[in-house]
Amino acid sequence: MTSKLFPYSPAPESRAIVNIASSYGLFIGGEFVEPDDGETFKTINPASEEVLAEVSEAGPRDIDRAVAAARKAFDGVWGSMSGKERAKYLFRIARIIHERSRELAVLESLDNGKPIKESRDVDLPLVAAHFFYYAGWADKLEHAGFGANPKPIGVAAQVIPWNFPLMMLAWKIAPALACGNTVVLKPAETTPLTALVFAEICQQAGLPAGVVNIVTGAGDTGKMLVGHDGIDKVAFTGSTEVGRAIAKTLAGTRKRLSLELGGKAANIVFDDAPIDEAVEGIVGGIFFNQGHVCCAGSRLLVQESVADEVLDRLRRRMSTLRLGDPLDKNTDVGAINSYEQLARIRELSDIGEAEGAERWSPACELPDRGFWFPPTIFTGVTQAHRIAREEIFGPVLSVLTFRTPDEAIEKANNTPYGLSAGVWTDKGSRILWMADRLRAGVVWANTFNKFDPSSPFGGYKESGYGREGGRHGLEAYLAKGK
Amino acid sequence: MRAKKTEDDRIGVRKTYKLYIGGAFPRSESGRSYPVTNHDGDFAANAALASRKDARDAVVAARAAFGGWSRATAYNRGQVLYRVAEVMEGRRDQFVTEVRDAEGGKFDVAAAAVDAAIDRVVWYAGWADKVAQVVGAANPVAGPFFDFSVPEPTGVVAIAAPATSSLLGLVSVLLPVIATGNTTVVLASELRPLAAITLTEVLATSDLPGGVVNMLTGRVAEVAPWLASHADVNGLDLTGIPLALWRDLEIAAADNLKRVRRPDDVEPDWSRDPGTDRLTTFLETKTVWHPLGV
Amino acid sequence: MTLTTSAIPTDVASSDSALRRFLHGLPGVDQVGAEARAAALSTRSIKTEAKRWAIDMTISMIDLTTLEGQDTHGKVRALCAKGIRPEPGDTSCPSVAAICVYPDLVSTAKEYLGDSGVKVASVATSFPSGRAALTVKLADVRDAVANGADEIDMVIDRGAFLEGHYLDVYDEIVQVKAACKDAHLKVILETGELATYDNVKRAAWLAMIAGGDFIKTSTGKVSPAATLPVTLVMLQAVRDFRDTTGRQVGVKPAGGIRTTKDAMRYLVLVSETVGDDWLNPDWFRLGASSLLNDLLLQRQKMATGHYSGPDYVTID
């Protein structure tokens with residue numbers, strides 16, 4: 001896989017920049033406190049299985065406390081604060097994130113397993129940018145198209161996944177606070193650390209106590225939080241299965257809900273695509289972040305007339321992917337986030353083989369400790385294969401073919417999901433024709449996996465409802481007026 | 001010799017109220033009907049009692065119509081809806097009688113409601129080609145990309161029409177949903193369905209493609225669950241349903257993540273400015289990225 | 001435009017339109033995507049052993065260049081000395097690949113370089129503009145070859161290219177190649193004047209079909225000269241050309257490459273686009289002048305552990 005002449009030497013990013021405490025409490029009412037029930041769990045580095053820290057598990061009384069703290073802050077200082085002043089807190093937070101960016105990136109790579117190159121160059125810049133963007137909305141909500149006097153909803157419960165821990169936190173907290181809400185956020189069980197450092201940043205920014213509360217825990221904690229009587233709104237990013245369950249829990253109540261769920265995006269390559277850039281787009285689409293991306297281009301739909309050539313180039317390109325230590329600056333593919341996720345990826349890949357698809361990975365040395373899966377493609381896949389329908393959430397690409405633009409649209413849309421899609425062609429009218437017909441919340445044409453705080457993101461159908469980012473992202477955090 | 005008949009003795013030709021599905025007026029496939037009474041308790045007419053199969057057929061019709069209606073130009077949709085207002089205006093007196101018979105009260109109150117309904121249709125006709133400019137955006141992303149967001153209709157939307165306001169309320173929940181390109185299956189007010197059927201006669205003669213609006217009359221509690229659980233229905237407007245049914249319907253809707261509009265605690269005052277909320281409820285936002293380069 | 005780079009038709013050079021059909025039938029290049037790929041490869045971190053190897057390899061790939069109106073025989077001799085022995089007193093430092101000069105200074109360079117192994121490259125064909133009659137340009141080439149040039153760096157007729165007269169551009173390269181006799185031919189595309197990556201890709205294929213041994217980005221007299229994305233596009237072209245025809249062609253970015261960091265990025269580009277087969281001076285060169293001293297400063301730092309300064313590298 002690597003060059004014999006020029007193998008690049010190890011280029012490790014130093015861990016010394018981050019100070020991980022041996023244990024963390026819950027962040028409630030502006031302070032770190034011990035959990036009422038005293039339960040803890042460990043978070044590990046998935047690249048080495050080393051324990052990073054002990055983290056608290058919030059129990060029912062802790063959730064009560066957190067919601068109460070958020071309510072108190074909402075009814076008191078935050079709810080009555082002008083947008084102008086709220087904005088300044090958010091700008092402070094954005095600036096501190098900029099300042100501590102490298103430290104947060106290293107911590108994210110340690111806790112999540114993603115390459116430092118990605119946490120440094122993609123995650124952290126977007127985190128800061130989100131806070132900066134929404135800070136600017138806080139004092140101009142009356143111009144946002146939601147009425148002359150828009151009001152916050154109240155206390156928001158926010159549950160986020162492990163794939164982009166700090167970035168998902170930013171997508172949730174920034175708009176919520178900008179609109180005047182207070183929040184109780186639960187980071188994912190396997191990636192709590194950057195959220196806990198974010199809590200420190202809130203303290204550094206002087207954010208009033210109770211505006212942001214971080215309750216760590218697993219599935220049970222999340223369930224308690226979204227089902228709590230004292231919250232006014234739930235924002236969830238995660239699997240469609242859990243999203244559905246939350247929607248049922250909230251049925252018949254006035255609690256608002258926004259969901260950002262799974263996907264099985266089609267990345268469509270036409271015979272006239274700019275070939276080398278399209279191959280980059282395919283690779284970035286499924287192997288970026290180890291494929292742990294809801295909007296990953298996990299189905300390659302390649303025009304049949306050029307399928308062989310595209311696949312040859314794809315395999316050749318995949319052979320230059322460097323898998324290994326996430327803290328090495330030259331690593332392209334990091335660790336799978338958990339044993340459970342690795343097991344699921346393996347299971348679905350085995351199903352792919354059993355259903356007759358042909359599996360290929362470049363020669364890849366996997367470290368012996370940690371959770372690893374080589375970048376993999378399956379060819380000979382059709383819509384009738386499970387690996388074309390079910391979200392694998394790993395570095396596994398299913399390759400299908402199509403003959404005509406209409407067929408590409410039919411196959412791309414033939415799924416209960418509808419989060420994203422990619423189109424590669426050199427023809428302008430075809431780009432727009434395809435974008436028009438793809439039933440997906442985000443369409444990337446001649447590019448992929450691009451994000452920006454001003455650009456609304458979210459799904460059609462079972463990929464969820466509501467949008468994050470842009471003016472549209474305010475809607476989920478403002479009361480419906482009449 | 002036959003006695004000369006006066007005008008007052010003329011026997012009227014009574015209207016048969018049927019369902020409106022796919023642009024046609026079928027009876028319920030179940031053959032059932034139910035008596036509808038006026039506000040003063042007198043028998044007014046028999047209305048079709050829709051079954052789950054009628055609901056199923058209505059969804060099929062709505063889905064079949066979605067492609068054409070959502071792909072029509074906004075200008076075209078606006079023109080069609082304006083024509084609806086024209087035809088409604090022509091039938092104004094008929095509507096005033098029906099609304100007054102169903103809802104009671106003075107004629108001029110009924111007349112005001114009908115006029116407001118017609119004006120509201122005109123208002124929504126004008127929205128068709130403007131929503132995109134109000135909620136769409138060119139997003140200033142931090143990179144060499146053209147990035148824009150456009151609204152798109154969600155798909156097939158099932159609507160429970162308001163129980164009390166038989167025309168103005170109905171128009172207020174229906175028009176914003178179809179103006180943007182959605183197609184609908186409407187559950188008319190159970191007790192006051194007649195103006196709804198007359199409205200469908202207007203729709204049928206107004207260039208509105210069949211299947212864009214499908215109207216079911218009957219027992220809301222019987223039919224609503226079939227729509228709420230239907231996997232080919234994308235949106236659910238619970239405005240007119242009894243509050244006791246709300247939770248179970250929303251739970252059923254969650255199976256395919258339908259976009260749900262929850263009922264209000266009390267039926268709104270339909271004479272107030274509607275705002276844009278109902279226009280945007282059943283819209284998706286699609287964001288498109290493309291590099292800017294030579 | 002279709003993806004498949006099918007075998008080149010035998011009558012591809014029969015007319016402007018035949019050439020146009022082939023060249024315009026190659027897949028396009030998305031500017032933003034190509035630049036993003038080059039930028040991503042720029043983040044590779046080359047340290048310790050790899051850096052040591054890369055610095056020496058880069059030195060051995062340099063075409064040390066002087067192309068000034070004020071060049072004298074003395075200047076050329078000094079440059080040759082530097083090229084042979086970049087680090088006086090340190091025989092572990094490799095020589096450069098070649099010295100690059102104007103045709104009328106080739107003999108001086110050839111005489112000085114002797115059997116040092118450092119080649120003489122000469123610009124020719126009315127460098128840098130190429131705006132002269134073909135007879136004049138060919139005479140320029142023959143003169144350089146007669147004076148002993150091992151390599152000829154020609155310029156393509158950009159005017160003809162932008163007019164779509166691909167056959168004229170092709171014919172010129174073929175005739176220059178013939179005039180080169182045993183000398184290797186590098187074809188300068190002058191990418192800054194071609195303006196788009198699509199044009200660069202087409203010009204690269206045209207130069208290779210016409211028989212060029214190397215394709216080179218720039219004369220160094222026009223800005224922008226060599227860039228990472230333009231070099232990426234050219235590397236992809238030589239890779240695809242070899243896949244299609246079996247013939248390997250070299251690549252030379254020239255102009256604007258001043259620091260070791262820049263040079264490392266070019267090597268990464270080669271390694272991850274075309275691989276080890278091109279990672280040597282026979283198939284990859286860098287046209288530069290001030291780069292050499294920055295490489296030497298970095299080389300010294302790696303050897304001594306502390307930062308060095310301009311007093312510790314020689315001027316030419």
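**Figure 1. Helices H2(A) and H6(A) are oblique to each other in this predicted model.** The axes of helix H2 (residues 83-99) of chain A and helix H6 (residues 193-204) of chain A come within 9 Å and cross at roughly 125°, and because angles from 65 to 115 degrees count as roughly perpendicular and those over 145 as roughly antiparallel, the pair is classed as oblique. The crossing of H2(A) and H6(A) is right-handed. On the side of H2(A), the residues that meet the partner helix are Ile93(A), Ile96(A) and Ile97(A), and H6(A) answers with Ile201(A), Cys202(A) and Gln204(A). Sorted by class, this contact of H2(A) with H6(A) holds five nonpolar residues and one polar residue, with no charged residues.

**Figure 2. Leu90(A) and the largest nonpolar core.** This core has 186 residues, and those that touch the most other members are Leu90(A), Val121(B), Leu167(B) and Leu216(B). Helix H5 (residues 165-178) of chain A gives the most to the core, contributing eleven residues. In the close-up of Leu90(A), with neighbours within four places in sequence left aside, the contacts are Phe131(A), Tyr134(A), Ala135(A), Ala138(A), Ala174(A), Leu177(A) and Ala178(A). A second, separate core has 101 residues, among them Ala97(C), Ile173(C), Met234(C) and Val270(C). In soluble globular proteins, nonpolar side chains tend to be buried together.

**Figure 3. The contact between chain B and chain A.** Chain B provides 27 residues to this contact and chain A provides 34 residues. On the side of chain B that touches chain A, the elements that give two or more residues are strand E4 (145-153), helix H9 (243-253) and strand E10 (283-291) of chain B. E10(B) gives the most to that side, with eight residues. By class, the residues on the side of chain B that touches chain A divide into 13 nonpolar, six polar and eight charged.

**Figure 4. The contact between chain C and chain B.** Here five residues of chain C are in contact with five residues of chain B. The side of chain C that touches chain B is made up, by class, of one nonpolar, three polar and one charged residues.

**Figure 5. Helices H8(B) and H9(B) are roughly parallel.** The axes of helix H8 (residues 220-228) of chain B and H9(B) come within 8 Å and cross at roughly 25°, an angle that makes H8(B) roughly parallel to H9(B), because angles under 35 degrees are counted in that way. The contact is made by Ala221(B), Ala224(B), Pro225(B) and Ala228(B) of H8(B), together with Leu245(B), Leu249(B), Ala252(B) and Ala253(B) of H9(B). Its residues are, by class, eight nonpolar, no polar and no charged.

Figure 6. Not counting residues up to four places away in sequence, Tyr34(B) touches Asn46(B), Ala47(B), Leu49(B) and Gly218(B). The C-alpha atoms of Tyr34(B) and Ala48(B) are separated by 6.4 Å, although the two residues are 14 residues apart along the chain.

Figure 7. The place of Pro224(C) is in the loop between strand E6 (214-216) and helix H11 (228-245) of chain C.

**Figure 8. Positive phi values at Gln290(A) and Asn446(A).** Gln290(A), a residue other than glycine, has a positive phi near 60° and is found in the loop between helix H9 (275-287) and strand E12 (299-303) of chain A. Gln290(A) is buried, because 32 other C-beta atoms lie within 10 Å. At Asn446(A), also a residue other than glycine, phi is positive and near 55°. Asn446(A) is found in the loop between strand E17 (442-445) and strand E18 (464-465) of chain A, and with 25 C-beta neighbours inside 10 Å Asn446(A) counts as buried.

Technical notes
Residues are numbered from 1 along each chain as its sequence is written. Chains are lettered from A and ligands numbered from 1 in the order in which they are written. This is a predicted model: local features need pLDDT of at least 70, side-chain atom pairs count only at pLDDT 80 or more; totals for chains, interfaces and linings use all residues. Axes are lines fitted to C-alpha atoms, for helices over the stretch in contact, and angles run from 0 to 180 degrees between N-to-C directions. Helices (H or I, at least four residues) and strands (E, at least two) are DSSP runs, numbered from the N terminus. A crossing is left-handed if the near helix is turned anticlockwise from the far one by less than a right angle, and right-handed if clockwise. Two residues are in contact if their C-beta atoms, placed from the backbone, lie within 7 Å. Ala, Val, Leu, Ile, Met, Phe, Trp, Tyr, Cys and Pro count as nonpolar, Asp, Glu, Lys and Arg as charged, and the others, Gly among them, as polar. A nonpolar core is a set of buried Ala, Val, Leu, Ile, Met, Phe, Trp, Tyr and Cys residues joined through C-beta atoms within 7 Å. A residue is buried if 20 or more other C-beta atoms lie within 10 Å of its own, exposed if 12 or fewer, and partly exposed in between; C-beta atoms are placed from the backbone.
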